[in-house]
Amino acid sequence: MHDLILAIMSKYNYWIYIVLLMIGLYAMMVKKNLVKKIIGMNILQTAIILFYISVSAKKDGTLPIIIHGPHAGHHPVRAADYINPLPHVLMLTAIVVAVATLGVALALAIKVYQQYGTLDEDEIHTRIRK
Amino acid sequence: MIWYIELVITILVIICGIAAITVRDLLGAAILFGAYSFMMCLLWAIMGAVDVAFTEASVGAGVSTVLFVAAVFRTSRRTKD
Amino acid sequence: MKIIGFIIVLLCGGLLAYATSDFPYWGDPASPASMHVSAYYIENAVADTSVPNIVTAVLADYRGYDTMFETAVIFSAAIACFFLLRIFTPESSQSKLYRHIPTGITLRIAPGGKLPEKSDTFERIDSSWVPHDLIIKTACRLFIPFIQIFGLYVIAHGHHSPGGGFQGGVILGASIILFAVSNDLRSTISRMGEKITAFLCSAGVFIYAGTGALCILLGANFLDYGALASLMGVDPVSARSHGILIVEIGVGITVMAVMVSLYYILSSGGQLDEGL
């Protein structure tokens, strides 16, 4: 029992990301309004980015910028002093792709509104059938 | 990794996320989504990812919120659920 | 529908929570993500490229191919929005609103009518105009030059502090969006037109791919900036640092133009006559 509590408490970054992922997925599936679905899609994307960033953290590691300047000595760089920079690079690309997808999704929502006059999913289904 | 700051910001993130999809006014949902982006940016800055936090602060809490408000302005503001 | 959604969400959440039993602890220095390649990047970034910010070095030099395609993705998002929404209506078939400044009367001129000439007594307004805009206009006019200087600073200092091409480009685009929100959309378009914005979108991608092609012409691989050393007259390590700066400028130009173009198209519903 004690090591179950220890296992839960030392991995709590995964619990945060699971909760946010499920909130985003629920919003995309259940909500009827198109703009609410788009908000759910963005919450899902930022939850995934949070997962990768939390994987890259290291105990007692500092920011991934090599210390330079007048007081830094010229000793060799050790990899255990700095946190892992590779997931940061991948997630920069992911954020830019997320905003591009958001722009196209909102353009589609405006076009649907101009065509059918509503943003509610059930209303659009009935108006398509007419 | 100071654990009490992280705990407070995590609770705020989850509250903003649930509120952004529950509120019935679409303009309020867009502003709450901007607040959610800001809280996520703080969380990543605490975890040490300063480049990613900078990008999310400028993109998510800046341009993304403006695009949402522009889209809500061109369509309707009320929603049924 | 809601109950089915709730059950599916609980099932997926439970499955993911069961999978976390295999994951490493948070902050573990020996986790598999930090073992293999990133140790090489941390230890050799300054020796290979003389750029202290490891994230910028990996983004623009070691993984430069991904960044080029990401720039292409955001460029194609701007093109997609343009094709979805843009409508070209001729000027003569819209009804316009004019306001007579000395008396405050608003005129609405139907399509085909005679418009007042450009003079000081008549100004054209949007359909959502409010009369109390002097404070917002003045305050934003004071802010915008400083925001642009900060954006240029962020692009130029990507080597030594958090920043780089994307962040600086978004800040520059946000300054133009601020001008469009505080004044109206038509004065923004008269200053930064639609054609110039589209040209800048593609110019940034062209700078990035052009640098890579220039490296091929000088004899090395695609996007291997060490080959630019013979063109610039410095050693290969500094040539890689300068190559990173050139591609970051290209990325910044594209991102700025894409943000402005997305705002123009989304806030006016495709017609580019009135905005927020």
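Predicted model: local features only at pLDDT ≥ 70, side-chain atom pairs only at ≥ 80, totals over all residues.
Reader: Nice. Which residues of H4(A) and H3(B) meet there?
Author: From H4(A), they include A:His88, A:Met91, A:Leu92, A:Ile95 and A:Val99. On the H3(B) side, B:Asp51, B:Val52, B:Thr55, B:Glu56 and B:Val59 are among them. The residues of this contact of H4(A) with H3(B) divide into 13 nonpolar, 4 polar and 3 charged.

Reader: Let's switch to chain B by itself. How many helices and strands does chain B have?
Author: Chain B has 3 helices and 0 strands, and its pattern along the sequence reads α-α-α.

Reader: And what box do its C-alpha atoms fill?
Author: Along the principal axes, the C-alpha atoms of chain B fill a box of roughly 45 × 25 × 10 Å.

Reader: What percentage of chain B is buried?
Author: Of the 81 residues in chain B, 51% are buried. As for contacts in chain B between residues at least 6 apart in sequence, 52% join residues at least 24 apart.

Reader: Good to know. Now chain C: how many residues does the contact take from chain C and from chain B?
Author: The contact takes 18 residues from chain C and 15 residues from chain B. On the chain C side, helix H6 (165–182) and helix H10 (236–267) each supply at least two residues. H6(C) gives the most to that side, with 7 residues.

Reader: How does that side of chain C split by class?
Author: The side of chain C that touches chain B has 12 nonpolar, 6 polar and no charged residues.

Reader: Last one, chains A and C. How many residues are in contact?
Author: There, 42 residues of chain A are in contact with 45 residues of chain C. Helix H2 (12–30), helix H3 (34–55) and H4 of chain A are the elements that give two or more residues to the chain A side.

Reader: Which helix has the largest share on the chain A side?
Author: H4(A), with 16 residues. By class, the side of chain A that touches chain C divides into 29 nonpolar, 9 polar and 4 charged residues.

Definitions and conventions
Residues numbered from 1 in each chain as written. Chains lettered and ligands numbered in written order. Contact = placed C-beta atoms within 7 Å. Helix = DSSP H or I, 4+ residues; strand = E, 2+ residues; numbered from the N terminus. Nonpolar A, V, L, I, M, F, W, Y, C, P; charged D, E, K, R; others polar. Buried ≥ 20, exposed ≤ 12 C-beta atoms within 10 Å, placed from the backbone.
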